[in-house]
Amino acid sequence: MGSQDMLQHFISVCKSVQFDGRASRAEYWSFVLISLLVVISCGILSTFESIRPVGMFMMIVFLLGTAIQHIAVQVRRLHDSDKSGWWYLISFVPYLGGLVMLVFMVLDGTKGPNNYGEDPYNRSTQSTIDATEGWQKIS
(Lines give C-alpha, C1' and ligand atoms only; values in the text may rest on other atoms or scores of the structure.)
Protein backbone atom coordinates (compact mmCIF):
# COMPACT_ATOMS: atom_id res chain seq x y z
CA MET A 1 0.00 0.00 0.00
CA GLY A 2 1.41 3.36 -1.01
CA SER A 3 1.34 6.61 0.89
CA GLN A 4 -1.34 7.93 -1.48
CA ASP A 5 -3.65 5.02 -0.51
CA MET A 6 -3.00 5.63 3.18
CA LEU A 7 -3.82 9.31 2.83
CA GLN A 8 -6.99 8.47 0.89
CA HIS A 9 -8.09 6.09 3.68
CA PHE A 10 -7.41 8.78 6.28
CA ILE A 11 -9.37 11.43 4.42
CA SER A 12 -12.31 9.09 3.77
CA VAL A 13 -12.50 8.17 7.46
CA CYS A 14 -12.29 11.81 8.53
CA LYS A 15 -15.05 12.87 6.14
CA SER A 16 -17.56 10.29 7.29
CA VAL A 17 -18.58 9.46 10.81
CA GLN A 18 -20.17 6.19 9.82
CA PHE A 19 -20.78 3.44 12.36
CA ASP A 20 -22.44 0.99 9.99
CA GLY A 21 -20.62 -1.18 7.51
CA ARG A 22 -17.17 -2.70 7.66
CA ALA A 23 -13.62 -1.34 7.68
CA SER A 24 -10.66 -3.25 6.29
CA ARG A 25 -7.43 -3.61 8.21
CA ALA A 26 -5.76 -1.29 5.69
CA GLU A 27 -8.34 1.44 6.29
CA TYR A 28 -8.07 1.11 10.07
CA TRP A 29 -4.29 0.96 10.32
CA SER A 30 -3.81 3.78 7.79
CA PHE A 31 -6.01 6.00 9.91
CA VAL A 32 -4.17 5.01 13.11
CA LEU A 33 -0.71 5.49 11.57
CA ILE A 34 -1.44 8.93 10.14
CA SER A 35 -3.09 10.00 13.41
CA LEU A 36 -0.04 8.82 15.33
CA LEU A 37 2.27 10.74 13.02
CA VAL A 38 0.24 13.94 13.51
CA VAL A 39 0.26 13.54 17.30
CA ILE A 40 4.01 12.82 17.35
CA SER A 41 4.63 15.88 15.16
CA CYS A 42 2.61 18.05 17.52
CA GLY A 43 4.50 16.55 20.46
CA ILE A 44 7.82 17.41 18.83
CA LEU A 45 6.60 20.97 18.30
CA SER A 46 5.69 21.09 21.98
CA THR A 47 9.27 20.39 23.03
CA PHE A 48 10.40 23.80 21.75
CA GLU A 49 9.88 26.34 24.53
CA SER A 50 8.92 29.21 22.21
CA ILE A 51 6.09 27.34 20.41
CA ARG A 52 4.99 24.90 23.13
CA PRO A 53 1.45 26.35 23.41
CA VAL A 54 0.97 26.12 19.63
CA GLY A 55 2.03 22.46 19.54
CA MET A 56 -0.18 21.54 22.49
CA PHE A 57 -3.13 23.45 21.03
CA MET A 58 -2.73 21.70 17.65
CA MET A 59 -2.57 18.29 19.36
CA ILE A 60 -5.67 18.92 21.46
CA VAL A 61 -7.65 20.22 18.47
CA PHE A 62 -6.61 17.21 16.38
CA LEU A 63 -7.43 14.66 19.09
CA LEU A 64 -10.81 16.24 19.86
CA GLY A 65 -11.57 16.65 16.16
CA THR A 66 -10.90 13.01 15.31
CA ALA A 67 -12.18 11.29 18.49
CA ILE A 68 -15.53 10.32 16.96
CA GLN A 69 -13.83 9.12 13.77
CA HIS A 70 -11.50 6.91 15.83
CA ILE A 71 -14.47 5.31 17.56
CA ALA A 72 -16.36 4.92 14.26
CA VAL A 73 -13.48 3.21 12.44
CA GLN A 74 -12.92 0.86 15.40
CA VAL A 75 -16.60 -0.07 15.44
CA ARG A 76 -16.52 -0.74 11.69
CA ARG A 77 -13.36 -2.82 12.18
CA LEU A 78 -15.22 -4.86 14.81
CA HIS A 79 -18.05 -5.29 12.31
CA ASP A 80 -15.54 -6.71 9.83
CA SER A 81 -14.99 -9.65 12.19
CA ASP A 82 -18.77 -9.97 12.71
CA LYS A 83 -18.70 -8.49 16.23
CA SER A 84 -21.11 -5.91 17.58
CA GLY A 85 -19.91 -2.36 18.03
CA TRP A 86 -20.68 -2.72 21.72
CA TRP A 87 -17.42 -4.68 22.00
CA TYR A 88 -15.75 -1.26 21.84
CA LEU A 89 -16.66 -0.81 25.51
CA ILE A 90 -14.18 -3.53 26.47
CA SER A 91 -11.41 -1.03 25.75
CA PHE A 92 -12.34 0.72 29.01
CA VAL A 93 -11.25 -2.31 31.06
CA PRO A 94 -7.75 -1.47 32.33
CA TYR A 95 -4.86 -3.38 30.70
CA LEU A 96 -6.86 -6.35 29.42
CA GLY A 97 -9.35 -4.27 27.40
CA GLY A 98 -6.68 -2.56 25.32
CA LEU A 99 -4.99 -5.87 24.61
CA VAL A 100 -8.26 -7.49 23.54
CA MET A 101 -9.03 -4.55 21.23
CA LEU A 102 -5.54 -4.74 19.72
CA VAL A 103 -6.08 -8.42 18.93
CA PHE A 104 -9.49 -7.67 17.38
CA MET A 105 -7.99 -4.91 15.22
CA VAL A 106 -5.14 -7.14 13.99
CA LEU A 107 -7.17 -10.26 13.18
CA ASP A 108 -8.48 -10.84 9.68
CA GLY A 109 -12.16 -10.10 9.13
CA THR A 110 -14.92 -12.44 8.06
CA LYS A 111 -14.60 -13.57 4.46
CA GLY A 112 -17.59 -12.74 2.33
CA PRO A 113 -20.66 -10.85 3.50
CA ASN A 114 -21.65 -10.91 7.16
CA ASN A 115 -24.36 -9.28 9.32
CA TYR A 116 -22.77 -5.84 8.85
CA GLY A 117 -22.27 -5.73 5.10
CA GLU A 118 -20.13 -6.83 2.22
CA ASP A 119 -16.49 -7.83 2.57
CA PRO A 120 -14.25 -4.76 2.09
CA TYR A 121 -11.77 -6.95 0.21
CA ASN A 122 -14.51 -8.53 -1.97
CA ARG A 123 -13.43 -12.05 -1.00
CA SER A 124 -15.94 -14.81 -1.50
CA THR A 125 -16.74 -17.49 1.04
CA GLN A 126 -16.01 -20.14 -1.57
CA SER A 127 -12.70 -21.78 -0.76
CA THR A 128 -10.09 -22.67 -3.31
CA ILE A 129 -10.96 -25.35 -5.84
CA ASP A 130 -10.12 -28.85 -4.73
CA ALA A 131 -7.02 -30.02 -6.62
CA THR A 132 -8.46 -33.51 -7.07
CA GLU A 133 -11.67 -32.22 -8.62
CA GLY A 134 -11.91 -33.38 -12.19
CA TRP A 135 -9.52 -36.28 -11.75
CA GLN A 136 -11.03 -39.61 -12.56
CA LYS A 137 -11.12 -42.07 -9.75
CA ILE A 138 -8.88 -45.02 -10.58
CA SER A 139 -10.24 -48.25 -9.18
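Select Leu36, Ile40, Ile44, Phe48, Ile51, Val54, Phe57, Met58 and Val61: together they form a nonpolar surface patch with about 830 Å² of accessible area. Patch members have over 30% relative accessible area and no salt bridge, and nonpolar side chains (Val, Leu, Ile, Met, Phe, Trp, Tyr) are joined within 5 Å. Areas come from the Shrake-Rupley method with a 1.4 Å probe, with only the protein chains shown as cover; a salt bridge is a side-chain nitrogen of Lys or Arg within 4 Å of a carboxyl oxygen of Asp or Glu.

The model is predicted: local features need pLDDT of at least 70 and side-chain atom pairs 80 or more, while totals for chains, interfaces and linings use all residues. Numbering runs from 1 along each chain as its sequence is written, and side-chain values use heavy atoms, without hydrogens or water.

Next, colour the helices (DSSP runs of H or I, at least four residues, numbered from the N terminus). H2 (25-46) and H3 each supply at least two patch residues, with H3 giving the largest share, four. Pick Ile40 in H2; its relative accessibility is 44%, so Ile40 counts as partly exposed (between buried, under 20%, and exposed, over 50%).

Now select H3, residues 52-80: its 29 residues reach 40 Å from first to last C-alpha, close to the expected 42 Å (1.5 Å times one less than the number of residues). At Thr66, H3 bends by about 45 degrees, the angle between axes fitted to the seven residues ending there and the seven starting there. Asp82, which follows H3, has a positive phi near 60 degrees.

Finish at H4 (96-106), where Gly97, Met101, Phe104 and Met105 are buried. Viewed down the axis of H4, these buried residues fall within an arc of 95 degrees, so they line one face; the arc uses directions from the helix axis to the C-beta atoms. Leu96 and Leu99 are exposed on the other side of H4.

Conventions:
Patches are made of residues with over 30% relative accessible area and no salt bridge: like charges are joined within 9 Å, nonpolar side chains (Val, Leu, Ile, Met, Phe, Trp, Tyr) within 5 Å. Buried means under 20% relative accessible area, exposed over 50%, partly exposed in between (1.4 Å probe, protein chains only).
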